[in-house]
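Please look over the sequence and the structure shown below before reading on. The paragraphs after them go from the sheet to the helix beside it, then to the cores and the ligand.

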Amino acid sequence: MAVDPEITELARTIEQARRAIVFTGAGISTESGIPDFRSPGGIWTRMAPIDFSDFLASEEARRETWRRRFAMEDTFREARPNRGHRAVAELVRRGKVAAVITQNIDGLHQASGIADDRVVELHGNTTYAHCLDCKTHYDLDALRIAFERDETAPICDECGGYVKTATISFGQAMPGGAMRRAEAETRAADLFIVAGSSLVVYPAAGFPELAKHNGATLVIINREPTGLDAIADLVLNRSIGATLGAAVGID
Ligand code: NAD
Ligand code: ZN
């Protein structure tokens, strides 16, 4: 096989690291069939996101949020980890990667075999729902059956609060525990690898910036240019599965 200098450099950079962090966005899951937001044809070229304040204020906004979520259910349910997720899991298994900080809500890092306590979810998780007030957990299947009867947005059986997927919407407070953990992991890292994020959503995009300012090597793997290419040590405009898979040596 021909030697690919970019892959060789990525492999060497990973080899030299003592404690790496992988930071992922929607781009690592497109090869699993889940569309991202900002690629051409991504979700936001078709519909604007619903702000958290609108979800709280309007039954119609809640109904529309749930309509969109259930329309995506088959996609999320059928998605399986791809070669990129598997390569990241292999680096965790080898002890090279201490934690995965993700903007994704699809649970595919956990499904790839990474322990829950090594996955830091900045934007929550869409595979289950909870009450915004008392945090009672709700399974989506039961909510869907009820919703499809009359399209009433679900209300908590315990306290009457609004039920929402366990994700962070625009305008909603970031999860404090996950933010503190992500910051501590970022500060402890000597290599920070971004895979599949446009790096335009803050505060999430602040972590690669922090890593770089703290002296870590910053690597960005993304098909298109990102907001932080200018400060990165290595930018690979390539697809994630093939790139990470080859650098890590897994199929
Ligand atoms: P984004 O849509 O802003 O950016 C994704 C980037 O990945 C794009 O720049 C695109 O060029 C690149 N990309 C797509 N497929 C790729 C591939 N196979 N190889 C290499 N690069 C690829 O995504 P973001 O930065 O994560 O921000 C969007 C927000 O939306 C996130 O905060 C996340 O919470 C949410 N989101 C999550 C999912 C998911 O969980 N899978 C999907 C869509 C959106
Ligand atoms: Zn409740």
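Contact here means heavy atoms within 4.5 Å, while helices (H or I, at least four residues) and strands (E, at least two) are DSSP runs, numbered from the N terminus. This is a predicted model, in which local features need pLDDT of at least 70 and side-chain atom pairs count only at pLDDT 80 or more, whereas totals for chains, interfaces and linings use all residues. Residues are numbered from 1 along each chain as its sequence is written, and side-chain values use heavy atoms, with hydrogens and water left out.

Six strands, in the order S3-S2-S1-S7-S8-S9, form an open sheet with parallel pairing, where two strands pair if DSSP finds at least two bridges between them. Its edges are strand S3 (119–121) and strand S9 (234–236), each of which pairs on one side only. Within the sheet, strand S1 (residues 20–24) and strand S2 (residues 97–102) run parallel and are joined by five bridges, with Val 22 standing opposite Val 100 in S2.

Helix H9 (residues 206–213) packs on this sheet, where it touches S1, strand S7 (191–195) and strand S8 (217–221). The buried residues of H9 (buried being under 20% relative accessible area, with a 1.4 Å probe and protein chains only) are Gly 206, Phe 207, Pro 208 and Ala 211, and what covers them includes S1, helix H8 (176–188), S7 and S8. After H9 comes Gly 215, whose phi is positive, near 100°.

A nonpolar core is a set of buried Ala, Val, Leu, Ile, Met, Phe, Trp, Tyr and Cys residues joined through side-chain atoms within 4.5 Å. The largest such core has 28 residues, and Leu 10 and Ile 221 are those with the most contacts inside it. Among the elements that each supply at least two residues of this core are helix H1 (5–16), helix H5 (83–93) and helix H10 (240–248), and the largest share, five residues, comes from H5. Leaving aside neighbours within four places in sequence, Ile 221 is in contact with residues including Leu 10, Ile 193, Leu 236 and Leu 244. A second, separate core of 23 residues includes Ile 21, Ala 99, Val 120 and Ala 232.

Finally, there is the ligand. An oxygen atom of ligand 1 is 2.7 Å from a polar backbone atom of Ala 26, and an oxygen atom of ligand 1 is 2.9 Å from a polar backbone atom of Phe 37.

Terms used: Chains are lettered from A and ligands numbered from 1 in the order in which they are written. Axes are lines fitted to C-alpha atoms, for helices over the stretch in contact, and angles run from 0 to 180 degrees between N-to-C directions. Buried means under 20% relative accessible area, exposed over 50%, partly exposed in between (1.4 Å probe, protein chains only). A polar contact is a pair of N or O atoms within 3.5 Å; within protein, one must be able to donate a hydrogen and the other to accept it, and residues adjacent in sequence count only if both atoms are side-chain atoms.
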